[in-house]
Amino acid sequence: MSKFKILPGVFRKSGSGDLCFVFYKGGILAKKVGEDLHIPSFDDIKRLNIEYEGEFFLGELEEKSCFALEATKEAALPKEFGMISLHDVGAFMNEEVFAAAGRAEEILNWDEKHRFCGRCGARTEDKEDELAKVCPSCGNIMYPVICPAIIVGITKGDKLLLAHNKNFKNNMYSIIAGFVEAGETLESAVKREVFEEVGIKVKNIRYYKSSSWPFPNSLMLGFFAEYDSGEIKVDGVEIMEAGWFTKDNFPKGLPKKYSLARQIINEITSKKL
Ligand SMILES: [Zn+2]
């Protein structure tokens with residue numbers, strides 16, 4: 001599997017064989033080849049007469065340049081093409097394609113929300129030498145915004161804390177997560193979120209790894225922690241149920257394999273439970 005590579009400061013123009021992430025109303029254009037889903041090429045986009053304004057160079061995927069664009073109107077699609085969600089990209093394609101699609105989603109989202117200057121209201125322009133928008137009137141420069149969030153797998157002996165959030169579908173359970181507040185450290189965010197959502201204190205907080213989570217623009221920072229004190233008491237606002245689970249009695253619904261949540265659960269399950 002070839003890596004998705006971001007090349008900062010490099011701006012390319014699309015060519016016919018390049019890959020193209022076409023978005024329309026939140027969906028992503030995919031091409032079915034046999035049982036597999038693929039990202040279409042610019043040849044496909046031309047053939048389908050897809051109309052769009054502007055394109056963003058994302059980086060290299062499968063050693064090809066890849067781009068993001070937003071279609072300006074619905075196109076009639078032959079049956080081998082269809083619109084899928086970003087979650088479907090994560091579930092049915094590989095993690096490198098998911099990473100590129102996530103970057104595409106975040107950039108298009110940022111582009112749409114920064115057409116006008118947040119300081120003086122003038123129309124912005126694309127900056128020439130980096131991925132940013134600049135206001136020609138007041139000089140304000142706007143970069144894509146990433147919101148850091150922590151996610152933490154908490155263990156107590158051979159048990160893992162799993163919780164059901166009111167927004168989870170299909171009775172899914174996962175580990176605790178939440179956004180980092182302005183001015184807060186990651187460790188403080190871990191302690192605060194855990195205490196707010198399930199009422200316990202944690203110790204031995206250790207960083208694991210991070211993952212982009214483009215729903216819509218988070219960077220998830222994964223941690224492990226151990227139970228310190230307190231009884232589980234859910235907040236009843238975000239978290240509706242929570243408990244300690246051994247690997248033999250995990251709930252049926254766990255996060256999808258492409259999520260950092262699932263990778264943390266798997267890591268803990270393979271080493272400690
Ligand atoms: Zn301005």
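A quick word on the ground rules: the model is predicted, so local features need pLDDT of at least 70 and side-chain atom pairs count only at pLDDT 80 or more, while totals for chains, interfaces and linings use all residues. Residues are numbered from 1 along each chain as its sequence is written, and side-chain values use heavy atoms, with hydrogens and water left out.

Let's start with the annotation. An unreviewed UniProt entry lists residues 144-268 as "domain: Nudix hydrolase"; UniProt positions are in the numbering used here, feature names are shortened, and annotations may be inferred rather than shown by experiment. Over that stretch the chain is 18% helix and 42% strand, with the end C-alpha atoms 33 Å apart. Helices (H or I, at least four residues) and strands (E, at least two) are DSSP runs, numbered from the N terminus.

Now for the largest pocket, with a volume of about 1,100 Å³. A pocket here is an open set of points on a 1 Å grid over the protein atoms alone, where a 1.4 Å probe fits, with protein on both sides within 12 Å along at least five of seven lines; lining residues have an atom within 4 Å of a point. Grid points are joined across faces, edges and corners, and the volume is the space filled by probe spheres set on them. Of its 37 lining residues, H87, N167, F168, M172 and W213 are closest to the centre. Strand β12 gives the largest share of this lining, four residues. Domain 1 (19-113) and domain 3 (147-271) each contribute at least three residues; these bounds come from an automatic or database domain assignment.

The second largest pocket holds about 810 Å³ of space. Domain 1 (19-113) and domain 2 (114-144) both give residues to its lining, so this pocket lies between them. Among the 35 lining residues, G54, E55, F56, D126 and L131 lie nearest the centre, and α3 supplies the largest share, five residues.

Finally, the cysteines. There are zero disulfides in the structure, a disulfide being a pair of cysteine sulfur atoms within 2.5 Å. For C147, the nearest cysteine sulfur belongs to C117 and is 19 Å away. C147 is partly exposed, at 27% relative accessible area, whereas C135 counts as buried at 1% (buried is under 20%, exposed over 50%, partly exposed in between, with a 1.4 Å probe and protein chains only).
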